[in-house]
Amino acid sequence: MSKKTNTWIITGIAAVAIIGGGGYYFTNSYLGNNVEIEQVIPASTAASTTSADSSTGTTVDQQKVGAEQLNGDWNISQGSKVYFSVTTSRETVNFVNEQVNGKWTINVNDPAQSEAEGKIEMNGIDSGNGQRDEHVKDADFFDMAQYPQATFKATSFEGIPVEWTEGEPIDLKMKGNLTVKGIEKEVTFDAKAVYDNNELLLSGTTMVTFEDFGMENPHSVVLSTENDIEVRLELKLAK
């Protein structure tokens, strides 16, 4: 092999290494996760219906919460967030949206009369990477220009008890229709709700796919992406 040919081979290998390394650096910067999920229900929330009285060392019943306090309209308030997460071959990437509003009408005496609806402004999507955010808002994905909002409307609830215990989470299921890009998809949120200090805290998740809403999986030659998208509600509600 001539010295000239050998030089070209070495130069080619170096170029591939530089381009490949640069491509990896770009992908790493573009796809890296910058958003941590903040749960509205504290991990330390008691799961027991009793608590200790520090002054006497005895246990006392936690306050019971009934229809008078629970029934009625609860409006999504400040501090509420909706997340969606996609998992790549490298990590899970979270997006957050704080531009969320809506309400939950509770009727513990007749859960069939309970209602919930909410919407987010798609312009509020934030992953901590402006270039990526603009990409997911364009026509290839959420098409924000044509569909500026995503909505959810509940159709039924399971697990709403007549009486709650203050500070203690209840498990419930919230079935309804999620509409994104004008496409309606029936989903079920597995959720927990807590009544605490005249406020309702709701945390729930469901899974959808890119195909559910007419989007293509954004895999690349560098990273693959799972088809599932986790949608997470972290809501604070007040009367």
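This is a predicted model: local features need pLDDT of at least 70, side-chain atom pairs count only at pLDDT 80 or more; totals for chains, interfaces and linings use all residues.
1. How far apart are the centres of the rings of Trp104 and Phe157, and at what angle do their planes stand? The centres are 5.8 Å apart and the planes stand at 15 degrees, so this pair is stacked. Planes under 30 degrees apart count as stacked, which is the step that the reasoning needs. Trp104 belongs to strand S7 and Phe157 to strand S9 (residues 149–158), so the pair ties together parts that are 53 residues apart in sequence.

2. The structure holds five aromatic pairs, and another one of them is formed by Phe84 and Phe95, which are stacked with 4.5 Å from centre to centre and 5 degrees between the planes. Phe84 sits in strand S5 (residues 81–88) and Phe95 in strand S6 (residues 92–97), so here the pair ties together parts that are eleven residues apart in sequence. Phe84 counts as buried because its relative accessibility is 15%, and Phe95 counts as buried at 4%. Ring pairs also bring in Phe142, so that Phe84, Phe95 and Phe142 are linked into a cluster.

3. Lys181 deserves a careful look. Its place is the loop between strand S11 (170–180) and strand S12 (183–196). Is Lys181 buried or exposed, and which side chain of opposite charge is nearest? Lys181 is buried yet has no salt bridge, and the nearest side chain of opposite charge, that of Asp143, is 5.5 Å away. A salt bridge would need a side-chain nitrogen of Lys or Arg within 4 Å of a carboxyl oxygen of Asp or Glu. A polar atom of the Lys181 side chain does, however, lie 2.8 Å from the backbone oxygen of Phe141. Once neighbours within four places in sequence are left aside, the residues in contact with Lys181 include Ala139, Phe142, Tyr147, Phe213 and Met215.

4. Two asparagines, Asn197 and Asn198, are placed in the loop between S12 and strand S13 (199–209). Most residues other than glycine have a negative phi. Asn197, by contrast, has a positive phi near 55 degrees, and Asn198 has a positive phi of about 65 degrees although it is not a glycine. Asn197 is exposed, with a relative accessible area of 60%, and Asn198 counts as exposed at 55% relative accessibility.

5. Gln113 is found in another loop, the one between strand S7 (100–106) and strand S8 (115–121). With 48% relative accessibility, Gln113 counts as partly exposed. The C-alpha atoms of Gln113 and Ser156 are separated by 8.7 Å, while the two residues are 43 residues apart along the chain.

6. For the chain as a whole, the secondary structure comes to three helices and 14 strands. Of the 239 residues in the chain, buried residues make up 38%. Among contacts between residues at least 6 apart in sequence, 64% join residues at least 24 apart. The chain exposes about 13,300 Å², and carbon and sulfur atoms supply 51% of that area.

Terms used:
Residues are numbered from 1 along each chain as its sequence is written. Side-chain values use heavy atoms; hydrogens and water are left out. Helices (H or I, at least four residues) and strands (E, at least two) are DSSP runs, numbered from the N terminus. Buried means under 20% relative accessible area, exposed over 50%, partly exposed in between (1.4 Å probe, protein chains only). Lys and Arg count as positive and Asp and Glu as negative; His and the chain ends are not counted. A polar contact is a pair of N or O atoms within 3.5 Å; within protein, one must be able to donate a hydrogen and the other to accept it, and residues adjacent in sequence count only if both atoms are side-chain atoms. Contact means heavy atoms within 4.5 Å. Rings of Phe, Tyr and Trp (its six-membered ring) pair if their centres lie within 6.5 Å; planes under 30 degrees apart count as stacked, over 60 as edge-to-face and the rest as tilted. Accessible areas come from the Shrake-Rupley method with a 1.4 Å probe; for residues, only the protein chains shown count as cover.
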